[in-house]
Amino acid sequence: QVQLVESGGGLVQPGGSLRLSCAASGSILSINTMGWYRQAPGKRRELVAGITRGGSTNYADSVKDRFTISRDNAKNTVYLQMNSLKPEDTAVYYCNADLTPLYSDSLNAWGQGTRVTVSS
């Protein structure tokens with residue numbers, strides 16, 4: 001079985017920072033794109049940042065210049081460094097990956113979600 005294990009969410013004051021981590025585990029042949037999505041109450045889930053295996057990145061306009069996505073291919077792990085956090089960043093953040101398990105067809109996997117709350 002393949003799963004994405006997330007960590008790093010929590011409560012932080014405006015202007016603070018958090019670093020989210022997501023590790024893919026199980027019998028994995030390869031991972032293509034990895035990314036972070038978020039969903040605030042009453043809103044649709046939106047793409048925050050994505051990264052290819054080669055390191056190409058893209059960001060939502062609302063987080064450009066504040067968030068940085070990176071990955072460690074040897075560890076099958078993706079990170080999201082979040083700086084200068086604002087109350088509007090409050091949401092549940094989900095890890096996502098397009099990957100190929102060792103003995104199965106390619107699939108799109110989701111993490112369980114980690115809650116980020118930015119408040120005084």
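**Close-up 1. Leu-102 is partly exposed, with a relative accessible area of 40%, in a predicted model.** Leu-102 belongs to the loop between β9 and β10 (107–110). Together with Leu-29 and Tyr-103, Leu-102 forms a nonpolar patch on the surface. The accessible area of Leu-29, Leu-102 and Tyr-103 together is about 390 Å².

**Close-up 2. A disulfide joins Cys-22 to Cys-95.** The S to S distance is 2.1 Å, and the count of disulfides comes to one. Cys-22 lies in strand β3 (residues 18–25) and Cys-95 in strand β9 (residues 91–101), so the link ties together parts that are 73 residues apart in sequence. The angle about the S-S bond is -85°, and the link of Cys-22 and Cys-95 is left-handed. Cys-22 and Cys-95 are both buried.

**Close-up 3. Arg-38 forms a salt bridge with Glu-46 and another with Asp-89.** In the pair of Glu-46 and Arg-38, the closest N and O atoms are 2.8 Å apart. Glu-46 is partly exposed, at a relative accessible area of 33%, whereas Arg-38 has a relative accessible area of 7% and is buried. The closest N and O atoms of Asp-89 and Arg-38 are 3.0 Å apart. Asp-89 sits in the loop between β8 (77–82) and β9, and Arg-38 in strand β4 (residues 28–39), so this pair ties together parts that are 51 residues apart in sequence. Asp-89, like Arg-38, is buried.

**Close-up 4. Arg-66 and Asp-89 meet through their side chains in a salt bridge.** The N to O distance is 2.8 Å. The pair links distant parts of the chain, with Arg-66 in the loop between β6 and β7 and Asp-89 in the loop between β8 and β9, 23 residues apart. Arg-66 and Asp-89 are both buried. A network of salt bridges links Arg-38, Glu-46, Arg-66 and Asp-89. The search of the whole structure finds four salt bridges.

**Close-up 5. Ala-60 is found in the loop between β6 (57–59) and β7 (67–72).** With a relative accessibility of 16%, Ala-60 counts as buried because the limit for buried is under 20%. Not counting residues up to four places away in sequence, Ala-60 touches Leu-47 and Val-48. Leu-47 is 13 residues from Ala-60 along the chain, and the C-alpha atoms of Ala-60 and Leu-47 are separated by 6.7 Å.

Notes: Residues are numbered from 1 along each chain as its sequence is written. This is a predicted model: local features need pLDDT of at least 70, side-chain atom pairs count only at pLDDT 80 or more; totals for chains, interfaces and linings use all residues. Side-chain values use heavy atoms; hydrogens and water are left out. Helices (H or I, at least four residues) and strands (E, at least two) are DSSP runs, numbered from the N terminus. Buried means under 20% relative accessible area, exposed over 50%, partly exposed in between (1.4 Å probe, protein chains only). Contact means heavy atoms within 4.5 Å. A disulfide is a pair of cysteine sulfur atoms within 2.5 Å. Patches are made of residues with over 30% relative accessible area and no salt bridge: like charges are joined within 9 Å, nonpolar side chains (Val, Leu, Ile, Met, Phe, Trp, Tyr) within 5 Å. Accessible areas come from the Shrake-Rupley method with a 1.4 Å probe; for residues, only the protein chains shown count as cover.
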